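Please look over the model shown here before reading the notes that follow. They are grouped by topic and take up one chain after another.

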Amino acid sequence: MEFPTIFWYTVLWLIVWGAVGALVTPRVYARKDKFTYQTGMLGAFVGAALGPIGLILLWRLTPAVSAKWLGASGIVVLLWLALAFAKAAPNNLCVTNGSFIATQIANGLVIGAIYGLMALGLTLIFSILGIVSFAHGEFYMLGGMVTYYATQIWFPNLNPLLGVLIAALFTFALGAIFELLFLRPMITGQIERPGEYAILVTFGLAFFLQYTTLSLVGASPKKVPRFFDYPRWKLPAETGGLLKVTPGNLTFFDAISIPSARFTALIIALVLLFVLLYFLYRTWTGKALRAVSQDRQAAAVTGINPKRMNTLAFALGGMLAGISGAALVQVFSWVPWVGIPASSRSFVIIVLGGMGSLPGAFIGGLILGVVEALGAGCVPDPHRAAAYLPAYGMIILVLVLLLKPTGLFGREL
Amino acid sequence: MIQLEVNDVSKQFGGLLAVNHVSFQVQGPELIGLIGPNGAGKTTLTNLLSGALKPSSGTIYMNGQRIDVLPPYKIAKVGLGRTFQVTRAFRRMTVLENLLVPALAMHPTARQAQFVKKAREVAEFLTIDHLLNEYARALSGGQQKLLELGRLLMLDPDFIILDEPFAGVHPRLMEIIYEYIIETNKQGKAFLIISHDMETIFTLSQRLLVMAFGKLIADGPPEEVKRDPAVIEAYLGSDSDKPWQPERKTPPAAGDRIAA
Amino acid sequence: MRGTMRRLKILTWVVGTSFLLILPWLIPTRMHVAVIALYYAILASSWALLAGYGGQFSFAHMAFAGLGAYTAGLIDKFIRLTTAPTYACTEFPLGSWWLVIQDTASPTCLEKAKATMPMGALIVKLPAWMDILMGVVVGGLFGLLIGALVLRLRRTYLALFTIAFAEILRTAINAERDITGGPGGLKLSPLFPNGVTLLGHEFTAADKLPPYLVMLGLFLLVMALMYWLAGSRFGLFIRAIREDEEAAGSLGVDVVRYKILLFTITAMIAAAAGGMYAHYVRVIAPNMMVIKEMSVVIAMAVIGGMESLLGAAIGAIIIEFALEQLRSNITIGAFTLNMADWRLVVFGALLMITLRFWGNGLIHPIIQRITRRGVAEETVAKRLQPRAATEPEDDTRVKIPASPLEPDP
């Protein structure tokens, strides 16, 4: 295979100098008696971006770590990668066809917004309960499953939005019940090792929900038709140069094509996001939730019942995952296993965005959506591109955990 | 000869300078008290000494060896042991196992059986010998504190840091801890004791270090420190003309002037 | 007291081993389940060592088993020993033999070379034990690497990291079908390709008894190794690290070293089990590393008792048999329960309920009842005694005796 050689050499070069930068830079800063916090990451980025020259400059100047330096060198690294890719595969659609890339990115952002919504649920759970729910993907799966049954089997002519609502209520109730039965004992002191218990019991819940669903509905893929057909419409009216709408598709600028099912999902996600923000920042309950996430004891003193907030947060988190699933059930075909990659994606996103950060979760979702879309569209061997889809996010996860475990927007120690 | 040398050590957390260019030296088996208002940087300083945190600048030498660059376990092997402000017994291990951990860590080739007798003696000294086979989680808070001291006896360091050994302890247990400190000090161990219990610390220590806002503001015999204007200011605020009353059971930290 | 404990321990080993040895005559038709049960027992008890003793909640344990299995499988597929050079494949001289690698670039090189090789030249596979051993080495290397990478990570992050590692590995094996066969699987030669003769009885390659005995041997070896480790300073230190890393470090425990060591050892054990399993089932697929498999192993360890190696192993064996027993469908009137799926639901519920109400598992408390019998009574009795009467000579509470080898005070 001739393709990868130049590309892989570039990657190797980036990794080697990144590693050198990561290992040596903190020592240089320490020797110069400068603040060493995060200099390892800065060294890794600069080393990868500019190689030995950049590192020597960095070690001579030892500037204070700032988002500006990190961002700039990060972009240079991405440029190197893109350049190497273009050089290695000059005929790839991603190199020759701008409209293809734009479409990929746009679709990535759309899906990413929904991933972000789902990860918001997990972040909510983490910031209130201090645990990561390993069953988060199963709520997503159930949201889609319930929507399928509500709109296709039980009430065939039901408005799909009502189906989404049913899914939301179902996952909310499920989350609340699980929290009351299994997580409440953690804070009432009935569980000896809460940290370990939380990991294992949510892991057990995931397993339980997967196989209950499998036993009840079987393994054959479920398909929900798109919720809404859009009317044909053009803007400007004659050419449709800005926007062309057909029942199944939207085309922006004659270049970016988004299937209408995904567009509907995006709208649902955005509406929900605004409802959530309104809830968290404008209502008493929402403010109480945020108060609990910042200081449990202080919140309890002011008359908030932290136990009830725990239940609410877990139920809400599950519901957000459920609605994400309900929104995407019209886009992908649905089997009891769809929750597993969805869980992994949420983990990637909350670690990338920073555990407990709401904006981080949403932006992390967008980033992951784009990375996955580009990965799926650009990796030359289409079979491999699809097969490696779950791995892209995981590589991000590993990199973030190694370079900056607090994520992009995480609370610093 | 025990020797600890802290040279110009600082620790920065974000914008906060928790420990601000602190220097002091310890020669021989001294019994030193470390006091200061809340947030003065006492616990941070002990964490720097024990290697749980690395200083942002400055150096620490113990017995001629630079220890601020070493991982905590190597510092322990050089001869510095500590307890924690909140007791940290190994809860799901028996008292005996708790006591064996430091002994085995210090003697890489020894067998467990070699230390059981010593562990029992240590437990007897601390009056927890009837609990040897119980899990540490079954112990009361005070007994867990004693267990921590017991682990230090098994570790057998030259320099012992105790973080709030008297906080929330029954008077009977306090006697034992007091006796422990005196006895061990007689055997030639140096102590650095953080405490808010002024009465005890003033009678116990031969030398007092006072910290405020990250700085070491006084260092000397207790009687001298008592009269130090900088100390009085740190505890009572500058507008006070009253002499400081170290006999009080609790430092007057409850007043809002401390926060100012 | 101590003598009793020791006798009890020996008794457990003797009874347990002899039970497992006569098991083939008790259930001759279910030998396959027995082999798989032992496979899970090894994995569950080594996970108990990692998570229960060491507090390292890794979800990559099955990935290590998969590494062992695939290393064995790939060696079995691509590497041959020949007595003459091929001049067509990548090859290395190895004494009087040649180590030949049929890489994907020249998959048929050996076939072509056969024509040119001298008469009577031998082409053989590596023996199974050798590629399993290689699997163990590879598993250990990865364990070392992962252990070193996750050092700084706290519990939840560690769980996420190891899930990510396991998924990347599984995805890669799935995707690289030229090498690994992808989801279709990878075929291996049996443990004893030419059969084996035991006690005058000849067994063919398809017979279950020889692989059962080999798996049993591995199981006993692993249990002995782990019990020795758990009872030594290693066990004491990793438990101290589990309880409180910082405190352990301040008492002189080299936290970094013991954590890496723990990861490496348990990864090697998992890889050994994986390699053995691969040669036994003879076709492995990336499915052996899916999260479901990991869940099963975790559930076995939890139900048995995470803090007990024996408890986890017994839990694994019982559950594997129970799961197989529950396979047959249940029909109630017109309603048929597909037990192949429902049994896992029961199992998941059992896992959650065990965690909720019996945090120490179901089997571990029974074992503890026996091993810690009388401790509480003695504590009370001791406390009621006047202190003056506490002479070390008549003190029999401590299980390990004081040795005359007293280290300097």
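In chain A of this predicted model, 4 strands form an open sheet in the order β1-β2-β3-β4, with antiparallel pairing; strands (E, at least two residues) and helices (H or I, at least four) are DSSP runs numbered from the N terminus, and two strands pair if DSSP finds at least two bridges between them. Strands of a sheet pair through backbone hydrogen bonds, either parallel or antiparallel.

Residues are numbered from 1 along each chain as its sequence is written, while chains are lettered from A and ligands numbered from 1 in the order in which they are written. Because the model is predicted, local features need pLDDT of at least 70 and side-chain atom pairs count only at pLDDT 80 or more, whereas totals for chains, interfaces and linings use all residues.

**The sheet of chain A and its helix**
- The edges of the sheet are formed by β1 (233-235) and β4 (256-259) of chain A, each of which pairs on one side only.
- Neighbouring strands of this sheet are turned by 10° against each other on average, direction ignored, with axes taken as lines fitted to C-alpha atoms (for helices over the stretch in contact) and angles running from 0 to 180 degrees between N-to-C directions.
- Strand β2 (residues 243-246) and strand β3 (residues 249-252) of chain A pair in the antiparallel sense over 4 bridges, and Thr246(A) stands opposite Asn249(A) in β3(A).
- Helix α9 (residues 260-282) of chain A lies across β3 and β4 of chain A and runs at about 80° to β4(A).

**Domains of chain A**
- Chain A is divided into domain 1 (4-90) and domain 2 (95-403), with bounds that come from an automatic or database domain assignment.
- The C-alpha centres of domain 1 and domain 2 of chain A lie 33 Å apart.

**Chain B**
- Chain B has 9 helices and 10 strands.
- The radius of gyration of chain B, taken over C-alpha atoms, is 19 Å, close to the 18 Å that the globule rule (2.2 Å times the number of residues to the power 0.38) gives for 260 residues, so chain B is as compact as a globular protein of that length.
- Along its principal axes, the C-alpha trace of chain B spans about 60 × 40 × 35 Å.

**Where chain C meets chain B**
- The contact takes 32 residues from chain C and 41 residues from chain B, two residues being in contact if their C-beta atoms, placed from the backbone, lie within 7 Å.
- On the side of chain C that touches chain B, α9(C) gives the most, with 6 residues.
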